[in-house]
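Please open the structure in your viewer and keep the selection tool at hand. This tour goes from one selection to the next and says what is there.

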Amino acid sequence: MEPVTTTLTMVALKQTVTHVTKKLLDKVWEHDTEQGKELLRQLSESNAAEVYAEKYVSRFMKMRTLHSAESDVYLDEIYSPLKLEVQSNGDELTVEDGFTLGFSKVINIIGIAGQGKSTILRKLFLEEMRKAQRFPFMIELRRVENDSILSYFKQQLKDIGLAFDDGDVEILLQSRKIVLMLDGYDEVASQNRLKLLSEIIQLKTRYSCDVIVTTRPGTEICSEVDIVNLKVKSLEIDDIISIISKLDKNDELEELPRLIKSNKQLQETLISPILVNLLYVCYPYLDIVPESVVDFYDKLFITLFSRHDKIKNFNREKYSPITAIEANKVFNAFCFDSINKNSLEFTEESLYGYLQSAIRLNQVLPEYTEQIQKDLINITCLIQKDGFDKYVFLHKSVQEFHAAKFIASLPHKHKEKFYSKLSEAIDNEDKFDNVLQFLKYIDTDDYNSLLVVEYFNRNKLNHLKTDSKDVILDSHISKVLKNKHIEFHIEDNSYFCETMAVIYQKNLLSTLTFFSSGERRATLNSEELFSDHLFNLDIHSTEKDPLEAKVLSLEDLKGISSNTIINGDSPDFIVTTAYEYLQASGGYQKFSEIVKEEIMNFYTNIYGPIYEKNQQVSRILDIDFDM
């Protein structure tokens with residue numbers, strides 16, 4: 001009998017680890033990968049297999065959910081197949097039993113909040129175990145932070161009890177017998193992401209190690225070359241009903257699937273598994289079904305805190321005497337304070353400390369802190385115990401929405417200060433991006449006037465209908481291009497483009513894209529044309545270049561280079577800025593014209609409507625009173 005059973009018990013998990021390692025050890029290994037094989041041999045031994053199963057595999061295969069807040073459930077008990085779309089060709093992949101991912105490049109799974117990125121990665125982990133072709137190792141990237149992925153992985157192996165010499169782990173990576181699963185690239189602090197991205201690329205290029213990453217849209221890895229981007233697809237009606245059937249094994253809410261099937265607007269709202277789960281859990285307590293994603297989150301806290309079950313007709317007993325409205329305000333403040341300090345998980349002590357601050361802010365008696373903490377954990381289940389002395393949010397999106405609610409409720413003076421600080425930092429800081437997506441809907445007027453308009457004013461983009469237009473735009477475009485580098489590889493007295501920094505990233509252009517679409521990265525015409533030019537350099541081509549840029553000779557390229565990297569007697573790489581390259585190649589004028597048009601589109605579509613509405617409001621309020 002296969003050691004992987006439908007419901008994974010701890011015994012089965014240990015048997016699985018042993019089974020997979022032994023099966024891999026029986027395969028043919030390259031003669032120079034024996035040290036790597038020795039690591040898997042150690043992992044196949046009883047003690048190491050038990051530690052790995054208990055400390056790592058079990059953690060990723062079981063979870064607490066809103067509908068099972070007081071006991072663990074295993075992945076297979078609740079998982080319903082989710083779909084991915086290959087961004088390069090539109091192919092659809094269904095992550096189901098027996099499915100694993102096999103691409104020659106780094107795989108990047110992209111999904112919005114609550115869409116199931118981490119759940120998909122756990123399912124892939126489980127299926128790798130079942131298939132036993134590669135041994136999977138899972139790493140949560142936010143735990144790496146200032147460390148390196150390789151160092152963190154080595155420490156993980158030591159914690160399991162494996163012994164190895166310098167270089168052994170690197171050989172294991174090269175063996176093609178393992179796959180690294182790196183969860184939550186977007187949860188890494190923005191200042192650390194480029195370093196981690198370089199390490200991720202190196203895992204593939206230097207060690208040929210299979211790597212799968214998850215992230216929300218718009219992060220740096222989504223724009224990297226030689227990455228296979230797979231986007232999690234929104235749920236369709238059959239997916240929604242499948243998830244409901246997994247949750248409602250006893251048919252206690254048999255009318256819910258009928259309601260969903262008959263309500264097109266509700267189907268369009270239930271785009272992600274987290275929203276289906278929330279509907280399932282909250283449905284017995286709801287008088288009105290939510291009409292939008294924001295409406296879902298807005299009803300969530302009060303519904304769960306009050307918990308009057310309209311079906312069973314009872315109320316859950318609470319520990320604290322405060323009202324649901326007061327508790328909601330405390331939770332909002334707690335969410336903002338924690339997200340502002342980059343805290344996604346808590347110890348008992350830190351959780352208590354954050355709640356004390358939130359309680360003081362809302363002028364609730366401090367002696368209620370412990371009772372309120374119990375209510376948040378046991379009644380709402382929006383904060384959950386996750387192992388020894390560790391507490392986490394049900395989902396990061398819960399923290400983000402309630403942080404947005406806190407900001408929306410601030411007095412105008414404090415809100416203005418928040419938005420003003422953010423308008424200064426938003427080009428480089430994205431930790432509030434998902435909070436802002438909620439604020440765009442729940443705090444629309446202040447979001448527009450205090451953030452968007454302030455940002456346009458700060459960057460003088462409010463003057464784009466004046467004679468200063470070209471001077472302003474030229475200043476911004478040259479600033480962007482001077483901060484973007486291109487690396488050329490020299491080979492046999494010729495050269496080719498090795499890497500090109502993404503133009504629409506960490507600058508005014510990416511912020512305008514974010515205001516427009518909610519994502520910092522969009523494939524715009526200017527960047528596509530520049531990329532096509534750089535990666536298809538052909539001095540003999542007779543085709544007209546869309547940027548009207550000529551292909552530079554090697555000597556011309558060396559002449560504009562801001563940096564030459566030399567190994568041995570001759571340069572191997574030439575590094576120049578995008579600004580220097582476009583000026584020398586004659587492509588700057590055409591490129592800047594295209595970018596100017598793109599910025600003017602942002603002006604027309606974002607700033608224009610907000611400005612016009614503000615003018616209308618001013619005219620309405622311009623009333624003369626006879627005193």
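Two parts count as being in contact when they have heavy atoms within 4.5 Å of each other. Keep in mind throughout that this is a predicted model.

Begin with helix α17, residues 396-408. At 1.5 Å a residue its 13 residues should span 18 Å, and its end C-alpha atoms are 19 Å apart, which agrees. A residue is called buried when its relative accessible area is under 20%, and 11 of the 13 residues of α17 are buried, so this helix is largely enclosed by the rest of the structure. Among the buried residues you can pick out Lys396, Phe401, His402 and Ile407.

Next, show what covers these buried residues of α17, which includes the helices α13 (293-306), α14 (324-340), α15 (348-361), α18 (412-425) and α19 (433-442), together with the strand β14 (391-393).

Now turn to the open sheet of seven strands, whose order is β4-β3-β9-β5-β8-β7-β6 and whose pairing is mixed. Select β4 (92-95) and β6 (135-140), which stand at the edges with a single partner strand each, so one side of each is left without a neighbour in the sheet. On average, neighbouring strands of this sheet are turned by 25 degrees against each other, direction ignored.

Within the sheet, select β7 (residues 178-183) and β8 (residues 210-215), which run parallel and are joined by four bridges; here Leu182 stands opposite Val213 in β8.

Notes: Residues are numbered from 1 along each chain as its sequence is written. This is a predicted model: local features need pLDDT of at least 70, side-chain atom pairs count only at pLDDT 80 or more; totals for chains, interfaces and linings use all residues. Side-chain values use heavy atoms; hydrogens and water are left out. Two strands pair if DSSP finds at least two bridges between them. Helices (H or I, at least four residues) and strands (E, at least two) are DSSP runs, numbered from the N terminus. Axes are lines fitted to C-alpha atoms, for helices over the stretch in contact, and angles run from 0 to 180 degrees between N-to-C directions. The expected span of a helix is 1.5 Å times one less than its number of residues. Buried means under 20% relative accessible area, exposed over 50%, partly exposed in between (1.4 Å probe, protein chains only).
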